[in-house]
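I opened the notebook to look up a few places in this structure. The entries follow in the order I made them.

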Amino acid sequence: MNTRALVPFARVAGLSPLTSISTSTGLLSGLCQRGAIIASLNHRAFSSRAEARTPLRTCVDCRDTVGILGTKFVVVGKKQQQQIRMTSKITEWVKPDDKSGEFKRQSSVFRDFISAEPGARFPPEKGRYHLYVSYACPWACRTLVARKLKGLEDFISYSVVHWRMGEKGWRFPTPEDKDAAGENVIRDPLPGHEKFTHLRDLYFSADANYSGRFTVPALWDKKTGTIVSNESSEILRMLGHVFDDQLAPEFRDVDLYPRDLRAEIDKAGDWTYDLINNGVYKSGFATTQEAYERNVTALFGALDRAEKHLAEGKGPYYFGDRITETDIRLYNTIIRFDPVYVQHFKCNIRDIRSGYPHLHKWLRNLYWNHPAFKDSTNFLHIKNHYTRSHTQINPHSITPVGPVPDILPLDEEVPAVKAALR
């Protein structure tokens with residue numbers, strides 16, 4: 001084809017390749033970065049976006065590919081292909097055409113396991129794995145709590161992303177960032193990842209065709225260079241037992257999923273996940289009044305249920321005298337409740353410190369008496385992330401000062417509770 005007969009059709013911002021379309025024939029042609037024609041396609045033959053969503057032709061030298069952007073064909077490099085495949089914005093929590101107004105959480109994609117079974121792809125080797133987390137994210141912080149409770153600091157390294165989530169998702173902090181203090185809030189520390197600026201780079205490194213959300217936690221295998229798992233509940237379960245044969249007795253004896261409580265832990269996990277852990281998001285991200293009221297009512301019904309359980313139990317933990325997965329899963333939502341969810345997600349029927357005395361006591365015991373919980377809780381990251389990343393909820397990114405303090409001391413109550421106790 002004579003490229004002189006072609007006129008510019010579309011350009012991707014920041015890229016040099018052009019895609020052109022012949023005004024006389026309607027044939028689409030892609031030019032790679034070296035100027036070679038890599039595709040000649042009948043543009044009129046594609047009647048829908050879905051028919052041309054996957055790459056059409058690829059240059060064997062520079063890997064540029066003819067793809068589609070909206071209703072226009074473009075030539076893009078390998079990384080930019082992934083952006084085209086994304087069907088919605090990173091920060092778009094409810095699809096605009098979803099009339100239900102309901103937030104629907106995407107299922108995790110990477111679901112492998114560290115296992116001691118012979119021939120396992122991911123054996124429990126000390127120093128082999130790395131956790132990518134956010135202090136803002138309750139799902140990610142589950143894994144940090146378990147890592148410390150089980151004494152796995154020398155077994156699994158970790159690093160923390162910046163609290164701000166933009167259009168490209170979580171990003172790694174830079175030396176210029178002065179607003180994200182915290183332990184291990186650093187650039188991606190792994191060799192070979194020096195050019196990674198966002199968590200998405202990690203996902204595309206693991207799977208060039210990945211098209212899901214770029215979530216934390218992400219458990220990375222340094223040896224094979226891939227993501228083992230990005231499902232927090234399964235990482236929590238792994239860390240609870242898979243390294244036990246290599247641990248000192250005081251950590252090996254920490255059993256987060258004891259056999260005699262497994263049925264109760266699983267049952268609690270089902271309803272607390274749906275109604276509390278995810279319930280705050282279903283309330284806060286709702287885009288209709290009906291969806292919001294339905295979910296926030298269910299959320300407070302579940303909090304009432306947890307309060308009743310703790311009031312009737314022996315404590316100090318959810319299932320008596322042992323810390324279990326249930327404590328870890330519930331803690332990371334409840335610790336964020338008063339500082340963020342009450343105002344930001346409109347979960348304001350009651351707050352924890354004045355409306356749920358037994359939950360409040362349980363929460364403060366974990367925070368003040370167990371470093372694994374306190375050390376994984378960073379209120380700066382928590383408050384800034386929600387209030388400055390969710391601009392559809394808080395367009396001016398104003399972060400409330402209160403509540404003060406973020407969490408009360410063990411022996412202090414708010415005035416209303418003090419008065420009730422007299």
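**The largest cavity**

I looked up the largest cavity, and its volume is about 70 Å³ (the space filled by probe spheres set on grid points, which are joined across faces, edges and corners). The model is predicted, so local features need pLDDT of at least 70 and side-chain atom pairs count only at pLDDT 80 or more, while totals for chains, interfaces and linings use all residues. Residues are numbered from 1 along each chain as its sequence is written, and side-chain values use heavy atoms, with hydrogens and water left out.

I searched the whole structure and found 2 cavities of 30 Å³ or more (a cavity is a set of points, on a 1 Å grid over the protein atoms alone, where a 1.4 Å probe fits but cannot get out; lining residues have an atom within 4 Å of a point). The lining of the largest cavity includes Asp338, Arg353, His360 and Asp406. Helix H10 (337–344), H11 and helix H12 (357–369) each supply at least two residues of that lining (helices are DSSP runs of H or I, at least four residues, and strands are runs of E, at least two, numbered from the N terminus).

**Arg353**

I then followed Arg353, which sits in helix H11 (residues 352–355). Is Arg353 buried or exposed? It counts as buried because its relative accessibility is 8% (buried is under 20% relative accessible area, exposed over 50%, partly exposed in between, with a 1.4 Å probe and protein chains only). A polar atom of the Arg353 side chain lies 3.0 Å from the backbone oxygen of Pro405. For the backbone oxygen of Asp406, the distance to a polar atom of that side chain is 2.8 Å. Beyond neighbours within four places in sequence, the contacts of Arg353 include Asp338, His360, Glu413 and Val417 (contact means heavy atoms within 4.5 Å).

**Helix H4 and the sheet**

I turned to helix H4 (residues 232–239), which is largely enclosed by the rest of the structure because 7 of its 8 residues are buried. Among them are Ser232, Glu234 and Leu239. The buried residues of H4 pack against elements including strand S8 (129–133), strand S12 (218–221) and helix H9 (325–334).

I checked the sheet: 4 strands form an open sheet in the order S9-S8-S12-S13, with mixed pairing (two strands pair if DSSP finds at least two bridges between them). S9 and S13 are the edge strands, each pairing on one side only. S8 and S9 pair in the parallel sense over 5 bridges, and Tyr129 has Ile156 in S9 as its bridge partner.

Terms used: Polar contact = N/O pair within 3.5 Å; in protein donor to acceptor, adjacent residues only side chain to side chain. 1 Å grid on protein atoms, 1.4 Å probe; cavity = no way out; pocket = protein on both sides within 12 Å on 5 of 7 lines; lining within 4 Å.
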